[in-house]
Amino acid sequence: MNNERLHEKIVDASKVIFSYCMSKTRNRADAEDLSQDILCELVKSVSNIRDDSAFYGFMWAVAGNVYKKWCKKRARINECELDYDIPATTDSEYEAVENEDDIYLLRRELALLSERFRKATIYHYIDRKSCSEIALLLQTNESTVKYLLFKSRNKLKEGMNMERKLGTLSYKPIELIPLYNGSGPNRFWEFMQSRVRQNIVAACYNDSLTAEQISLEVGIPLAYLEDDISALAEKKIIIKDGRYYKANVIIITDECSEEIRRTVSKHHNAIADIIGEFLTDGLEDFKAIGFVGNDFSRNTLYWQMLAFALAVITLYGHENIIDENDASELPETAWGDHAYIWMIEKGSVLDDFIINFSQEHSRNGDRIHSLDYLPKQKGDHHDFYSQRRYTEIFIDIVRGNYEKFSEYDLEAVADMIKKGYVVKEGSGYRATTPVFTQTKYTKAIELTKQFVKSRLDAVIKEMDTVAEKILSEYTPKHLQSQVKGITLGDRFVNAVCVPTKILVERKILSTDWHPLEMPSTFVVLSDE
């Protein structure tokens, strides 16, 4: 690592180092001295740092060694000789420093108390409320309040005499992508958008931690974490065992993803070849199903066939599942849907997530299916996702039930025309998407499943076997039962996204969209 890069790293880490020294010394002057010693040692040791990724581990190793030497040096110094021209420190000044240190430690320990203990302590010692008043505020009895205060005093006293170390997530928080493979709306994705929740799960992924330990690991006072910890436990994203919490979903790290990607990359072109063959050789059989829109342009129909192929590949291995609407054999989520849920570290693999699948249901059971090709979209599943009004209006247009549209409805129709989902024809409207009945949709799925099973079975099974072995090595023991299922879901990137990118690069698929056709969306009407 060159000196310029080292300087940037040290500047970024200097505050963290100073906080570390404050927690060790309890005195600002000593903390400043110790910080300088650590920084000097880092500068001197530049030749020992291998690369950027090794910096923080090296930094904390240096910090620990310097601190040990500092402690030994302090222990040997029993007295200090002062020059006559330096005024002696008064007792009141000593008391002020000690009080400042005690206040810092007290605040730190208060931040780690759980809600009931913390509230009782603050009400009594800061707000000066009596036990009877606190009992009313906490909706409990005076005996419980006295117990809470007694336990709080012991916890605070014990904690103030302890060393507390903030975890890696406090200065280097992780960012995760929530993933979902199954039926129903993906409420897990919305629930896990909070970076705080993501880091709580990451904190207790490899180790079971108390709420206080989670607070130290992520560097956030417990008062700000309690609601999220409770919400995560309620949704079974983490599991509580006594005082301890542990993650209940698999996290695939960048390192794990990259190892899987390197190992299975030899299959990417083979899968693209086979899907390309499905598109070109199977087009006439697909059109023969007789759905509305089977006369669309070749490119639009290729994208439609791709949507079926990718859906089947994504769920391949669950032999009892006909399509993504029948996922009853998958684990039940806390929201009542059946799906695998997991998270992946947002890093080097982010660029490979180029496809989104989604579907919305109308009140009568009709469905709007979307496949978003993110590098160049035409249509977006968010146009209908959780937009019940738009979904119902669009389905009415598909069914020809638009005579009684209100002015308010017509505003939504105008927006759909602008986005390309609808065209105006005379006094009526026409959807620009293919439309399947449930029976014809099932025929398309079966046609696709037969092809995938005959041509991709061996490739997918070999890919899954390798990926499962790698993922198992990175997964904690208590989550091993989920590895096989998550492996099937995680094949999405390597068996779906990357081959699609290859097909676009080969120009078998084109992103020069037909102006009056929607290639990324289709409708399935329930049979009446």
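Student: Which residue stands opposite V422 in strand 10?

Tutor: First, some conventions: this is a predicted model, in which local features need pLDDT of at least 70 and side-chain atom pairs count only at pLDDT 80 or more, while totals for chains, interfaces and linings use all residues. Residues are numbered from 1 along each chain as its sequence is written, and side-chain values use heavy atoms, with hydrogens and water left out. Helices (H or I, at least four residues) and strands (E, at least two) are DSSP runs, numbered from the N terminus. Two strands pair if DSSP finds at least two bridges between them. Here A431 in strand 10 stands opposite V422. Strand 9 (residues 422-425) and strand 10 (residues 428-431) run antiparallel and are joined by 4 bridges. Their hairpin has 2 residues between the strands, and G426 takes a positive phi near 60 degrees.

Student: In what order do the strands of the sheet of 4 strands lie?

Tutor: The order is 7-8-12-11, in an open sheet with mixed pairing. Strand 7 (355-361) and strand 11 (435-437) each have a single partner strand, so one side of each is left without a neighbour in the sheet. Strand 8 (residues 367-373) pairs with strand 12 (residues 521-525) in the antiparallel sense over 4 bridges, and I368 stands opposite V523 in strand 12.

Student: Which strands does helix 14 lie across?

Tutor: Contact means heavy atoms within 4.5 Å. Axes are lines fitted to C-alpha atoms, for helices over the stretch in contact, and angles run from 0 to 180 degrees between N-to-C directions. Helix 14 (residues 298-315) lies across strand 7, strand 8, strand 11 and strand 12, at about 95 degrees to strand 7. Helix 15 (residues 388-399) also packs on this sheet, and its direction makes about 75 degrees with that of strand 12.

Student: Where is the kink in helix 17 centred?

Tutor: The bend at a residue is the angle between axes fitted to the seven residues ending there and the seven starting there. In helix 17 a kink of about 70 degrees is centred on L456. The expected span of a helix is 1.5 Å times one less than its number of residues. For the 37 residues of helix 17 (residues 438-474) a straight helix would span 54 Å, but the end C-alpha atoms are only 41 Å apart.
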